[in-house]
Amino acid sequence: AMAHLVNGDWVTVVTKRGEVEGRALVTRRMRPFVINGQTVHEIGIPWHWGYAGLSVGDIVNEMTSLIGDPNVSMHEGKSFVCNVEKA
């Protein structure tokens, strides 16, 4: 079962390729799906660039595969399965 998260909690988002830490923003705007009777939560992580800029820390690209879209070679691995753990 997923731990109860509140705004500001530190969380670790984990995939088979890596993990990142960040603060949770819990909102009703992103509601869970029910798929074949199972509740599936959707998360969004907008931070995926600039590990050495004005803002620093873990970036989402550390958790994704390096796959280029065949048409324009843009990174297409922006949707994947993960676990969210209270840090």
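Two strands count as paired if DSSP finds at least two bridges between them, and strands themselves are DSSP runs of E with at least two residues, numbered from the N terminus.

**View 1. Strands β1 and β2 side by side.** In this predicted model, strand β1 (residues 10-14) is joined to β2 by five bridges, and the two run antiparallel. Together β1 and β2 make a hairpin, with four residues between them. Look for Trp10, which stands opposite Arg23 in β2, and for Val11, whose bridge partner in β2 is Gly22.

**View 2. The open sheet.** Three strands in the order β2-β1-β5 form an open sheet with antiparallel pairing. β2 (19-23) and β5 (83-86) are the edge strands, each pairing on one side only. From one strand to the next, the twist averages 25° (axes are lines fitted to C-alpha atoms, and angles run from 0 to 180 degrees between N-to-C directions).

**View 3. A nonpolar surface patch.** Phe33, Ile35 and Val40 form this patch, with about 250 Å² of accessible area together. Patch residues have over 30% relative accessible area and no salt bridge, and nonpolar side chains are joined within 5 Å; a salt bridge is a side-chain nitrogen of Lys or Arg within 4 Å of a carboxyl oxygen of Asp or Glu. Areas come from the Shrake-Rupley method with a 1.4 Å probe. Ile35 lies in strand β3 (residues 33-35) and counts as partly exposed because its relative accessibility is 45%, between the limits for buried (under 20%) and exposed (over 50%).

**Notes for all views.** Residues are numbered from 1 along each chain as its sequence is written, and side-chain values use heavy atoms, leaving out hydrogens and water. As this is a predicted model, local features need pLDDT of at least 70 and side-chain atom pairs count only at pLDDT 80 or more, while totals for chains, interfaces and linings use all residues.

Key. Patches are made of residues with over 30% relative accessible area and no salt bridge: like charges are joined within 9 Å, nonpolar side chains (Val, Leu, Ile, Met, Phe, Trp, Tyr) within 5 Å. Buried means under 20% relative accessible area, exposed over 50%, partly exposed in between (1.4 Å probe, protein chains only).
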